[in-house]
Amino acid sequence: PQRTVAAPQRAATVMMVTDISGSMNANDFRPDRLSAAVKAARRLTDELPETFRLGLVTFADWAEIETPPTTDRSPVRAALDRLRAEGGTAMAVGLERALSVARQPVPDERGTGTRRLPAVLVLLSDGKDTQSGISPLEVARQAEQVGVPVFTIALGTPTGEVEVRDQFGGLQRIQVPPDTETLREIARITGGRYFAAPDAARLESIYANLGTRLSSRPVEREITVAFAGGAIVLLLAGGTLSLSWFGRPL
């Protein structure tokens, strides 16, 4: 017999994949969605174990590796402080770049070779992919094939709006709801988990809890010894009772 238990994870690679498209300026967060996302990402940066490698990929019209995975948190914090929201949404390209970087081998503990650490992607987005040319679900299937779960966060509300200028220079307000359906499916395909973040408090709570969640991994533990021990105890108890009731063991 076996059961699944949470075991501490000593080393892993975590890639934050963060949307910085123009819709991250939406007004349903104060002062805007991007500011809330940066604050929450700092929380995850602080909560992860020091031995974990953390990196940051952003996506708008294209995707950029802002910080390759590292155990040094200062480059990640500096990159978060530089983020600005503009452009379209290349979610699939962002996922693809993060997956590639997360799976790169690193030196082993002895320094005599390399190894590939367990990897996790944390995808935050507030809208549909408009730029990639491929479906985010296609990349999700690639992640599933190599055993990399993607935890997805749908940022914003259906009524969030952003101001954009039309071709005549006038301002228009358009609604920018998150693509919850795609994000749910990415998490399902890869074995991750989907979260909805309709406000800043919920978003920060999600990132804080992810720090704890990613610090352990589920493992199958053999419990035959426990079963055998329980059986022996029951046999001894049965023998004792039969002696007291019948004067002899049955």
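In what order do the six strands of the open sheet lie? The order is 4-3-2-7-8-11, and the pairing is mixed. This is a predicted model, in which local features need pLDDT of at least 70, side-chain atom pairs count only at pLDDT 80 or more, and totals for chains, interfaces and linings use all residues. Residues are numbered from 1 along each chain as its sequence is written, and side-chain values use heavy atoms, leaving out hydrogens and water.

Strands (E, at least two residues) and helices (H or I, at least four) are DSSP runs, numbered from the N terminus. Two strands pair if DSSP finds at least two bridges between them. Strand 4 (63–70) and strand 11 (194–197) are the edge strands, each pairing on one side only. Strand 2 (residues 13–19) and strand 3 (residues 53–59) run parallel, joined by seven bridges. In strand 3, glycine 55 is the bridge partner of methionine 15.

Contact means heavy atoms within 4.5 Å. Angles run from 0 to 180 degrees between N-to-C directions, with axes fitted to C-alpha atoms, for helices over the stretch in contact.

| Helix | Strands touched or crossed | Angle |
|---|---|---|
| Helix 1 (residues 33–47) | strand 2, strand 3, strand 7 (119–125), strand 8 (150–155) | about 175° with strand 2 |

Among the contact residues are Val38 and Ala41 of helix 1 and Val76 and Leu80 of helix 2.
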